[in-house]
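I am opening my notebook to record what I look up in this structure, one topic at a time.

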Amino acid sequence: MRLVFAGTPSVALPSLAALVASDHEVVAVVTRPDAARGRSKRLVPSEVGQWAADHGIPTLKPTHPRDPAFVAALTELSPDACPVVAYGALVPQHVLDIPRFGWINLHFSLLPRWRGAAPVQRALMAGDAVTGATTFRLVRALDAGPVYGTTELPLGGTETAGEVLDTLAHAGSSLLLDTVDALATTEPVEQTDEDAVTLAPKITVEEARLDWTRAADELDRLIRGCSPEPMAWTALRQAQGAEGERFKVALGRPTDEAGLPPGEVRAERRRVLVGTGTTALELLRVQPLGKKEMAGADWGRGLRGEQVWLA
C-alpha cells in the first residue's frame, strides 16, 4: 500500500521504522512544524521530522491539516492509508476522507478506556492493572472510531509513564503493521460500550503538584504517571512558614513507616522519607531547582541535618 505516515514525537518512531522496513511504500511523512527550543529559540524539527529527513522521506509540516496547500499535496500523493501515531493535531473530515482506507491511529490505551492526550499517564495515576494499545480508524469524535486490533500490557505497579510508553511504542508498532497488512480484508468493530469510556486529558502542571496529605500509594501513582513529563513537584521549605522553591520528584516508593507528619522530611543515612496522609514515602529520584536529577539519598546527605518540609 501507498502510505503517508503522520506522527511527531519519538514514541512514533518504532512504528514509522516498521512501516518503512515493510513491503508497503511510505511516500511521505506528516509532522508538526519545527519548534523553537532552548535559550536560543532555534527552530528544531520534530523527532519524526528529523528521522524522515535522515532517511530521505519527503516531509509535510502543515500549520494545520486543513491548510489548502497540505490538502492539495496529500491528495496528489494519493495514499491508500495514513497511519498515525501521536501526530498532535485534529484532522478535519474532508482530509480524513482522502485515503481510501482512512487514517489508522495507534493509541496507547485499551479503548474506549482513556480517550485523549495522556492515556498512559492516566492509567498509572488511576492504578490500572492492565493497559495496552489500540489501532482504530480516525473519526471526528475523540478516539471514538471503529477498532481494528489491540495488544495488552499488564502493569506491575512500579512502572513510570516513560517506561510504559516505550514498551507500548515497540509493541504497538507490530500491531500497527499487522493492521495495515490486513486493511483490505478487515472490517473494524465499532466502539459501543459508552459506559466504559474514560477521558485522559493532558496533565496540567498544577495537577502534578503533590499534596502530602494524600495517601502514599496515591502519591506514588501520581509521581510515576508524571514521569518524565511534566514531573511531579512540590515546594521546599527550609522552615515552617513561607513557601519555598519548587522541588521535583521523579520517583518515589511507599513504605510501611508510620508517624511522620504530612510533608515532613526525614533524611536518614541511606534514604529520605516524607510523611503523607498514611505511611511515609521514600524519595528515590529528585530534582531540586536549578540542578540535575539525582538520587534522593544523595540529596538528603546534602541537607547536613537541616530540617526541611515539602508542601
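Before I start, I write down one cut-off: a residue counts as buried when its relative accessible area is under 20%, as exposed when it is over 50%, and as partly exposed in between. I also note that the model is a predicted one.

**Entry on two backbone angles.** I looked up Asp143, which has a positive phi of about 50° although it is not a glycine, and I found it in the loop between β8 and β9. Is Asp143 buried or exposed? Its relative accessibility is 10%, and because the cut-off for buried is under 20%, Asp143 counts as buried. I then turned to Ser78, which is not a glycine either and has a positive phi of about 50°; its place is in the loop between α3 (68-77) and β6 (82-85). With a relative accessible area of 44%, Ser78 is partly exposed.

**Entry on cis peptide bonds.** I noted a cis peptide bond between Leu111 and Pro112, with omega at about 15°, and I placed Pro112 in the loop between β7 and α5 (119-126). I noted another cis peptide bond between Ser227 and Pro228, where omega is about 10°, and Pro228 sits in the loop between α7 (216-225) and β10 (232-237).

**Entry on the open sheet.** In what order do the seven strands of the open sheet stand? I read the order as β5-β2-β1-β6-β7-β8-β9, and the pairing is mixed. The edges are taken by β5 (59-60) and β9 (147-154), each of which has a single partner strand, so one side of each is left without a neighbour in the sheet. I reminded myself that strands of a sheet pair through backbone hydrogen bonds, either parallel or antiparallel. Within this sheet I followed β7 (residues 103-107) and β8 (residues 130-137), which run antiparallel and are joined by four bridges; His107 stands opposite Thr134 in β8.

I traced β10 to β11 (residues 246-254), an antiparallel pair joined by four bridges, in which Ala232 has Val249 of β11 as its bridge partner. From β11 I went on to β14 (residues 281-288), which runs antiparallel to β11 and is joined to it by seven bridges, with Pro254 opposite Leu281 in β14.

**Entry on the nonpolar cores.** The largest nonpolar core has 34 residues, and those with the most contacts inside it are Phe5, Leu19, Val26, Val29, Phe108 and Leu176. I listed elements that each supply at least two residues of this core, among them β1 (2-7), α1 (13-20), β2 (25-30) and α6 (161-181); the largest share, eight residues, comes from α6. I picked out Val26, which touches Leu3, Phe5, Leu16, Leu19, Val20 and Ile57 when residues up to four places away in sequence are not counted. I also recorded a second, separate core of 25 residues, which includes Leu210, Leu283, Val286 and Val308.

**Entry on a helix pair.** I looked at α1 and α6, whose axes come within 8 Å and cross at roughly 40°, which makes α1 oblique to α6. The contact is made by Pro14, Ser15, Ala18 and Leu19 of α1, together with residues of α6 including Ala169, His170, Leu176 and Val180. I noted as well that α1 passes α6 in a right-handed crossing.

Definitions and conventions. Residues numbered from 1 in each chain as written. Predicted model: local features only at pLDDT ≥ 70, side-chain atom pairs only at ≥ 80, totals over all residues. Heavy atoms only, no water. Pairing = 2+ DSSP bridges. Buried < 20%, exposed > 50% of the residue type's maximum accessible area, 1.4 Å probe, protein only. Core = buried A, V, L, I, M, F, W, Y, C linked by side-chain atoms within 4.5 Å. Contact = heavy atoms within 4.5 Å. Axes fitted to C-alpha atoms, helices over the stretch in contact; angles between N-to-C directions. Parallel < 35°, antiparallel > 145°, perpendicular 65-115°, else oblique. Left-handed = near helix turned anticlockwise from the far one by under 90°.
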